[in-house]
Structure formats: C-alpha cells, structure tokens
Amino acid sequence: MQPLRVANVSRIGPERCARELLAAVPAIMRFIRQEMRGHRQRPLTVPQFRSLVFLNMHEDASLSAVAEHVGLSLPAASRLVELLVKRGFIERRARSNDRRSVALTLTGRGRT
C-alpha cells in the first residue's frame with residue numbers, strides 16, 4: 001500500500017475534486033475486492049459484505065433500505081438476503097407494529 005502524501009491547502013473546484021474521486025474509486029474497489037478474496041474463509045461478494053456492514057450499523061433495517069444502500073433492485077436484494085439468511089449471517093423478524101414489514105438483523109456469525 002502506498003503512503004499518503006502530505007495534503008496541500010490549495011483550493012480546487014468541485015468538478016476537479018469529483019473527477020479525481022471518480023478516477024480513484026475503481027482502484028479502491030479493486031483493492032477491497034482483492035483483500036476480501038485473500039482473507040475470506042467462505043466467499044462473500046462485495047454486495048453481501050456491504051449488506052452485512054450496513055446491517056451492523058442499522059439494526060432492524062428493512063429490505064428496501066438494504067437494497068438502496070447496496071444499489072440493487074428489490075428482487076435482487078431479496079435473493080441476496082435469502083442467501084445470507086440460509087448461510088446464517090442474517091435473521092428476518094416480523095415487526096410487531098406491521099406484519100407486512102420484516103426487520104433484518106445480523107446473527108452472531110454475521111457480526112463476526
């Protein structure tokens with residue numbers, strides 16, 4: 001990994017900042033994927049991992065919230081969550097105030 005450069009205080013415009021950020025994101029995502037593949041015991045995709053991180057920060061989140069965070073359609077997010085439930089990372093619980101709504105919670109394994 002490269003050391004960070006000393007920050008300068010020059011003012012750059014928002015367009016240049018956005019261009020540089022968008023240019024850096026693919027390299028950052030490649031690095032994250034490479035690290036995840038190198039350290040995983042059981043395969044987790046980046047969307048699955050991001051879903052677990054989201055649920056760790058947002059206890060009892062809805063499927064819609066997970067889908068929005070990860071950038072998936074509701075059917076795709078439902079398939080992702082179903083797989084994570086089957087693998088023991090997530091639990092579904094009916095909400096007491098609305099039986100049509102389901103709360104998603106990490107299991108102990110999901111937190112680990």
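These are my notebook entries on what I looked up in this predicted model.

**Entry 1: ground rules**

I number residues from 1 along each chain as its sequence is written, and I keep in mind that the side-chain values use heavy atoms, with hydrogens and water left out. Because the model is predicted, local features need a pLDDT of at least 70 and side-chain atom pairs count only at pLDDT 80 or more, while totals for chains, interfaces and linings use all residues.

**Entry 2: the whole chain**

I looked up the secondary structure and found five helices and two strands, where helices (H or I, at least four residues) and strands (E, at least two) are DSSP runs numbered from the N terminus. Along the sequence I read the pattern α-α-α-α-β-β-α.

I then noted that the protein has 112 residues, of which 24% are buried; buried means under 20% relative accessible area, exposed means over 50%, and partly exposed lies in between, with a 1.4 Å probe and protein chains only. The accessible surface, from the Shrake-Rupley method with a 1.4 Å probe, comes to about 8,700 Å², and carbon and sulfur atoms hold 56% of that surface. For contacts (heavy atoms within 4.5 Å), I wrote down that, among those with a separation of 6 or more, 40% join residues 24 or more positions apart.

**Entry 3: the two strands**

I followed strand β1 (residues 90-94) and saw that it pairs with β2 in the antiparallel sense over five bridges; two strands count as paired if DSSP finds at least two bridges between them. Which residue of β2 is the bridge partner of Arg 92? I found that the partner is Leu 104.

Strand β2 (residues 102-106) has four of its five residues buried, so it is largely enclosed by the rest of the structure. Leu 104 lies in this strand and is buried, at 2% relative accessibility. Leaving aside neighbours within four places in sequence, I listed its contacts, which include Leu 55, Leu 63, Val 66, Val 81 and Ile 90. I also looked up the C-alpha atoms of Leu 104 and His 58, which are separated by 9.2 Å although the two residues are 46 residues apart along the chain.

The buried residues of α2 include Leu 52, Phe 54 and Leu 55.

In α3 the buried residues are Val 66, Ala 67 and Val 70. They cover an arc of only 100 degrees around the axis, which puts them on the same side of α3; the arc is that of the directions from the helix axis to the C-beta atoms. What do the buried residues of α3 pack against? I found α2, α4 and β2. Just after α3, Gly 71 takes a positive phi of about 85 degrees.

**Entry 4: salt bridges**

Side chains of opposite charge can pair when their charged atoms come close. I counted a salt bridge where a side-chain nitrogen of Lys or Arg is within 4 Å of a carboxyl oxygen of Asp or Glu, and by this rule there are four.

One of them joins Glu 59 and Arg 111, with the closest N and O atoms 3.0 Å apart. Glu 59 sits in the loop between α2 (46-57) and α3 (63-70), whereas Arg 111 is in helix α5 (residues 108-111), so I noted a link between distant parts of the chain, 52 residues apart. Glu 59 is partly exposed at 41%, and Arg 111 is partly exposed at 42%.

Another joins Arg 93 and Asp 60 at 2.5 Å, N to O. Arg 93 lies in strand β1 and Asp 60 in the loop between α2 and α3, so this pair ties together parts that are 33 residues apart in sequence.

A further one joins Glu 82 and Arg 92, whose closest N and O atoms are 2.7 Å apart; Glu 82 is in helix α4 (residues 74-86) and Arg 92 in strand β1, 10 residues apart.

**Entry 5: a second look at Asp 60**

Is Asp 60 buried, exposed or partly exposed? I found it partly exposed, with a relative accessible area of 29%. Most residues other than glycine have a negative phi, but the phi of Asp 60 is near 60 degrees, a positive value.
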